Amino acid sequence: MSEIRKIKPSLSKGTRDFLPREVAKRNFIFDTIKSVFRKYGFEEIETPAIEKLETLTGKYGEEGDKLLFKILNSGDYLKDVPNDKFQNQNYKELTNYIAEKGLRYDLTVPLARYVVMNQENLPFPFKRFHIGPVWRADRPQKGRYQEFYQCDADVIGSTSLLNEVELTMIYLEAFEKLGVNVTIRMNNRKLIDEILNISGIAENKTAVITLLDKLDKVEWKGEKGIEQQLIALGLTQSKTNTLFDCLNSNNYLQFIEKSVNTEVAKEVKSVSQFFEKESRVLFDPTLMRGLDYYTGTVWEVRANGVQMGSIAAGGRYDNLTEMFGGQNMSGVGISFGIERIYDVMEELNLFPTTISQGVLLLFVPREEAVEAFTFQQVQALRDAGIGAEIFLGNVKKQKQFKYIEDKDIPYMVEIGENEVKSAIFRLKNAQKREIMGEFNMEQLIAKFSKTQA
RNA sequence: GUGGCUGUAGCUCAGCUGGUUAGAGUAGCGGUUUGUGGUUCCGCUGGUCGUGGGUUCGAACCCCAUCAGCCACCCCA
């Protein structure tokens, strides 16, 4: 260290520190979702945060490329740049010379790379889940960060639509376990294409879909506003009428069977039949997610009772592994929006009151003379597999109780001279502020062995 | 990337049309008191008013830039 300057500590834009309490809550969400993934046969993988830029660029469209974090080459990163590249001042071209690595933008493109590279060693269909941070140079907003976690489960190499059913079940089960009341909307990209065909719309398809995607946005003034935009785009009134008739048909599924190409109808029906009596799963023709990416089923999950966008989403994509020269394998996957799920659970007060962090008891020595004895008691509990801690801080009662509350420790035992003599301990429920009774060590171990298990 | 709002103690906020030494609550630290105790009271610490420039005799306050947060758009695998 050549020079030590005092710098005001601050974080890079769109990143956060997490307090122990927050990490515990986040882990509660992760662990809950993981347990469901595992139950359905998904295995966890990891990939590097850093990928070669060539792996990442061009996969996310032009917008996505702009949001990629690029890593400057090490050493003299200017030495191989031809002079004319400076003069042109074309930043995209210059990037090729000064950066060859980047931070991953999502977990799906790395998955495609992973599958192509490791296919000889993977079981197929490959069912994996992956939880980890990804980075986007987006402008931050509430619930939108530059570093955030994704939590994905995907099936690669199976076209069976039972995968769709399974993944929907995972959504239902995971959100049920988390206590979040959700509505899952599903649609199929092929259906959108069919509806456009029926309406006689052959041109500007993406533009039309993009507009339809904004149906629920206030700024676009709903159906009326969108209709005007569509006509401005060159559509005839009769075409837009047919289009909205399709989208608004009372019995959507019945409509599919009657009007749409039987192949597509069969496909949708084969999934929807499993959820006929499930009110949390809706088929919604206006769901238009992942325009130039998804090729079949799409999901979008919203939490009921809160003002918040989608908290989870997914879909089927047919062409991803092709980009890495692998044989084409269909993939289908779902993703949980952890940051938003956290916010929803916080807002609705859905986290368990005490999220166990392992320690059940806090032993507080009343004076230095009894610390060694206290430590022995704590150690005896630990030897029995029970999480316990000795408090070695400020002797003020206030500080002790603050500590126990901050760390959500459920029980406390205070050790004084009396306890050293008698080896009988008064157990106190720290939350309820009640004395639970007196126990010797053997009884304490018996009591908490059960609780812990 | 475009447009807008905001930034004062760790946190929540006062601070008058520009006026001298920037306040409170809470948290932190120390003490006091209280029946094995989470109470009471007292004191102390803590601020380059986001940062840098400008206008002015004088700036937390006005102007410009910049950083960060938030909101809308774009986008969101």
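Two residues count as in contact if their C-beta atoms, placed from the backbone, lie within 7 Å. I keep that rule at hand for the whole notebook, and the model I am reading is a predicted one.

**Entry 1: Valine 116**

I started with valine 116, which sits in helix 6. Skipping residues up to four places away in sequence, I get Thr321, Phe324, Gly325 and Gly326 as what valine 116 touches. I also looked up its distance to glutamine 327: the two C-alpha atoms are 8.1 Å apart, though 211 residues separate them along the chain. Buried or exposed, or in between? I find valine 116 partly exposed, because 18 other C-beta atoms lie within 10 Å, and the buried class asks for 20 or more.

**Entry 2: Lysine 59**

Next I went to the loop between helix 2 (53-56) and helix 3, where lysine 59 is placed. Tyrosine 293 is 234 residues away along the chain, yet I read 9.4 Å between its C-alpha atom and that of lysine 59. I put lysine 59 down as partly exposed, since it has 19 other C-beta atoms within 10 Å.

**Entry 3: Valine 332**

Valine 332 belongs to strand 11 (residues 331-336). I note it as buried, because the count of C-beta neighbours inside 10 Å is 27. Which residues does valine 332 contact, leaving aside those within four places in sequence? My list reads Asp154, Val155, Asn163, Glu164, Leu167, Thr297 and Arg316. I also checked valine 306, 26 residues off along the chain, and the C-alpha separation from valine 332 is 28 Å.

Then I looked for nonpolar cores. The largest has 71 residues, and Ile170, Tyr171, Val180 and Val301 have the most contacts inside it. Helix 7 (residues 162-178) gives this core its largest share, six residues. Why do I write that the core lies between domain 1 and domain 2? Both of these domains give residues to it, so it lies between them.

I took a closer look at tyrosine 171, which touches Ile184, Val301, Ala312 and Ile334 when residues up to four places away in sequence are not counted. Apart from this core I found another one, of 21 residues, with Ile386, Ala388, Phe391 and Ile415 among them.

**Entry 4: the RNA side**

How many residues surround RNA strand B? I get 39, and the closest are Lys13, Gln141, Lys142, Lys397 and Arg433. I sorted the residues of this surface by type and got 20 charged, eleven polar and eight nonpolar.

Which elements each supply at least two residues of that surface? I wrote down helix 3 (61-66), helix 6 (108-118), helix 16 (397-406) and strand 15 (424-429). Helix 16 has the largest share, with six residues.

Most residues other than glycine have a negative phi, and most peptide bonds are trans. I went after the exceptions.

Phenylalanine 124 and proline 125 are joined by a cis peptide bond, with omega about -5°. I place proline 125 in the loop between helix 6 and strand 5 (126-135).

Aspartate 408 has a positive phi, near 55°, and is not a glycine. I find aspartate 408 in the loop between helix 16 and strand 14 (411-415). With 18 other C-beta atoms within 10 Å, aspartate 408 is partly exposed.

Alanine 423 also goes on the list, with a positive phi of about 60°. It is in the loop between helix 17 (417-422) and strand 15. I mark alanine 423 as exposed, because its C-beta neighbours inside 10 Å number 12.

**Entry 5: confidence**

Last, I checked the predictor's scores. Chain A has a mean pLDDT of 85, and 92% of its residues reach 70 or more. Residues 1-5 have pLDDT below 50, and beyond near neighbours in sequence I see zero contacts for this stretch in the model. Where pLDDT is low, the predicted coordinates should not be read in detail. For the complex I noted an ipTM of 0.84 and a pTM of 0.88.

Note on methods. Residues are numbered from 1 along each chain as its sequence is written. Chains are lettered from A and ligands numbered from 1 in the order in which they are written. This is a predicted model: local features need pLDDT of at least 70, side-chain atom pairs count only at pLDDT 80 or more; totals for chains, interfaces and linings use all residues. A residue is near a molecule or strand if its C-beta atom, placed from the backbone, lies within 6 Å of it. Helices (H or I, at least four residues) and strands (E, at least two) are DSSP runs, numbered from the N terminus. Ala, Val, Leu, Ile, Met, Phe, Trp, Tyr, Cys and Pro count as nonpolar, Asp, Glu, Lys and Arg as charged, and the others, Gly among them, as polar. A nonpolar core is a set of buried Ala, Val, Leu, Ile, Met, Phe, Trp, Tyr and Cys residues joined through C-beta atoms within 7 Å. Domain bounds come from an automatic or database domain assignment. pLDDT is the predictor's confidence in each residue, from 0 to 100.
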